[in-house]
Amino acid sequence: MTEARLSTASNQMTIAVSFRQVSRHFGSVKAVDAVDLDIRPGEFFAMLGPSGSGKTTCLRLIAGFEQPTAGSIEIFGSQADGVPPYRRNVNTVFQDYALFPHLNVLDNVAYGPMVRGVGRAERASAAEEALRLVQLPGYGGRRPGQLSGGQRQRVALARALVNKPKVLLLDEPLGALDLKLRENMQEELKSLQKALGITFVFVTHDQGEALSMADRVAVFHEGRIRQIGTPQEIYERPRSRFVADFVGSSNVLPPDFVKLHGGQPRWASLRPEKIRIGNGEAGQGVAGSVLSRSFLGATNRVTVEADGLRLQIVTPAGQPLPDDGATVSLHWLPSDLHLMEGPQ
Amino acid sequence: MSAEAMLRPAPAVAILPSRGGIVGALSDLFWRKPGLLLFLMLAPPVLWLGIVYLGSLLALLLQSFFSIDEFSGLINRELTLKTYGELFLPANLDIIIRTVTMAAIVTIASAIIAFPIAYYAARYARGKWKALFYLGIMLPLWSSYLVKIYAWKLILAKEGILTWLFEKLHLMWLIDAWLSIPVVGGNSLSVSATGTFIVFVYVWLPFMVLPIQAALERVPGSLIEASSDLGASPAQTFRNVLFPLALPGVVAGSIFTFSLTLGDYIIPQIIGTSRLFIGQAVYAHQGTAGNIPLAAAFTVVPIVVMGFYLWGAKRMGAFDAL
């Protein structure tokens, strides 16, 4: 009975991409260092981290452009070690789009079917279909050089999707787009992923993008994953100082500060929107002085120095703001103070 | 002085005075009229190209429309196509066909040998290996052309090092078998068309490697990865992405190897059979024979051949990726 349950469990638990103690070292540089990772089928998974954190190398390991120096990678249950990229049913949307400049848009999109030997008429209609999916119908005759950045990116997406990949990898695909276009593409990518049910793995250094688009986020730092979780978990309960710092603009409080204000002597994070500014009456809250204020549209941000620490506070627009240099008191609920495991 | 004081603008002066002198005045003038600077820079080379270069070429072309009086040996300055007609005499046509065939084979062989070298240099060589590559490719160009050709004569001669090597390897029958083939063979490699071919490929190879390397250098690595990612085997990636994008470089290189082979008269003179190439025919006709019109007509042949070659390359889309 136990066995039967285990086998059904393992059927349901098929993992799209699994890393087991995967390392990729370049000489003495540990680009990826002993990473364990499970990406579920149909999931929108974001790899978030600063440049050089190993997130792109992880993506290239899944695509097959890099081979792990240690550990093993499985894609939908199949060993991927030593399998070249052209034998993986995984497609990539490159950061620079990597469209073939000597082919027109239709031939670019039809490239995958073409090298797999699909007939001319059939691959042309598949490519047209993919172009319709990314809202570029009728663009087949143009050259990549004649398209805008946003259009190139859609062509790159169509060129990958036409192959019906098991996993779609996206390497900072929105990095080169301007803000408005980026927001549109974020929504489109999200709805496309829902409609197609393909596993998306998305590399980005933009925490806002990762949090708003992904089902789960892995935060990378120095070749290791520091935390994996849903955007809410990562945002509200960062496990370490690095995660709290990198994801959003949380205030990171050192142990002695926390102890001074009645907590355990541990690193803690405190969200800027959880702090309330009082009028500075003695004996209440934490006393501080206002360093600067900036207008952010829907909110205001106030920087306050308290006990040698600079704290960011976000308040809704419309609330009265203290003047620069004014003495204020800061208040927060003890439950909003999130204790962390350590600096990393 | 504090950093702020250092960086605060000096009072009163927003527009600086002219640097003064003729240099300052010229700088200001050229800045206001960039076209003038361009004109001054381009005028000497355009004059050179226009008058000395194209002018003498046109004078040469004009000569080809003159004819020679067979009895007196004097040049008849009436325009005629008679000299061009002489090109189609069997002996002269033979020279043209031999030269164009040799140029085509040398070009194809150079491209095949040069591509992997250029590919390595563009995609893998970094730092000192790249410097070494350039040195290795350029070094043969620094030594005298004649010395290199005579060195090859020694290598290819019957008593030469190549024969010695093949004898040691007990492979002499290979060379003998090859030399017994008509047209390409001969008494020894140094007096065969094969020898001419080997030396042509050796001497022109740098002119093929460098343009291909420059073309491959401009192909982003992500395109190769994208092709592989989309399911193309390495051979398919080469055929569908790498080669089309490198083709302008291959064509540029082949223009060098093709036209240099068409015009060379020293290599076939020193290494090869006694059968003439276009360059040798030109040399003989303008020198001892004093038949300048026929020499000029022979010179037009490579120009026409190259014209057709470039037209064909363009038709095949060789310049689409430029």
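The dialogue below discusses a predicted model.

Q: How many residues of chain A are in contact with chain B?

A: Contact is judged here by C-beta atoms, placed from the backbone, that lie within 7 Å. By that criterion, 19 residues of chain A meet 18 residues of chain B. On the chain A side, strand 6 (90-93) and helix 4 (111-115) each supply at least two residues. Helix 4 of chain A gives the largest share, three residues. Sorted by class, this side of chain A has eleven nonpolar, five polar and three charged residues.

Q: Which residues of chain B does the UniProt annotation "transmembrane region" cover?

A: Such an annotation may be inferred rather than shown by experiment. The unreviewed UniProt entry lists several spans of chain B, among them 36-62 and 245-267. In the model, residues 36-62 of chain B are 100% helix, with end C-alpha atoms 36 Å apart. Residues 245-267 of chain B are 87% helix and 0% strand, and their end C-alpha atoms lie 33 Å apart.

Q: In what sense do strand 14 and strand 15 of chain A pair?

A: In a regular strand, side chains alternate between the two faces of the sheet. Strand 14 (residues 286-295) and strand 15 (residues 299-306) of chain A are antiparallel, with six bridges; A:Ser289 stands opposite A:Glu305. Three residues separate these strands in a hairpin, where A:Gly297 in the turn has a positive phi of about 100°.

Q: How many bridges join strand 15 to strand 16 of chain A?

A: Eight bridges join strand 15 to strand 16 (residues 309-316) of chain A, again in the antiparallel sense. A:Thr299 stands opposite A:Pro316. This hairpin has two residues between its strands, and A:Asp307 takes a positive phi near 50°.

Definitions and conventions:
Residues are numbered from 1 along each chain as its sequence is written. Chains are lettered from A and ligands numbered from 1 in the order in which they are written. This is a predicted model: local features need pLDDT of at least 70, side-chain atom pairs count only at pLDDT 80 or more; totals for chains, interfaces and linings use all residues. Two residues are in contact if their C-beta atoms, placed from the backbone, lie within 7 Å. Helices (H or I, at least four residues) and strands (E, at least two) are DSSP runs, numbered from the N terminus. Ala, Val, Leu, Ile, Met, Phe, Trp, Tyr, Cys and Pro count as nonpolar, Asp, Glu, Lys and Arg as charged, and the others, Gly among them, as polar. Two strands pair if DSSP finds at least two bridges between them.
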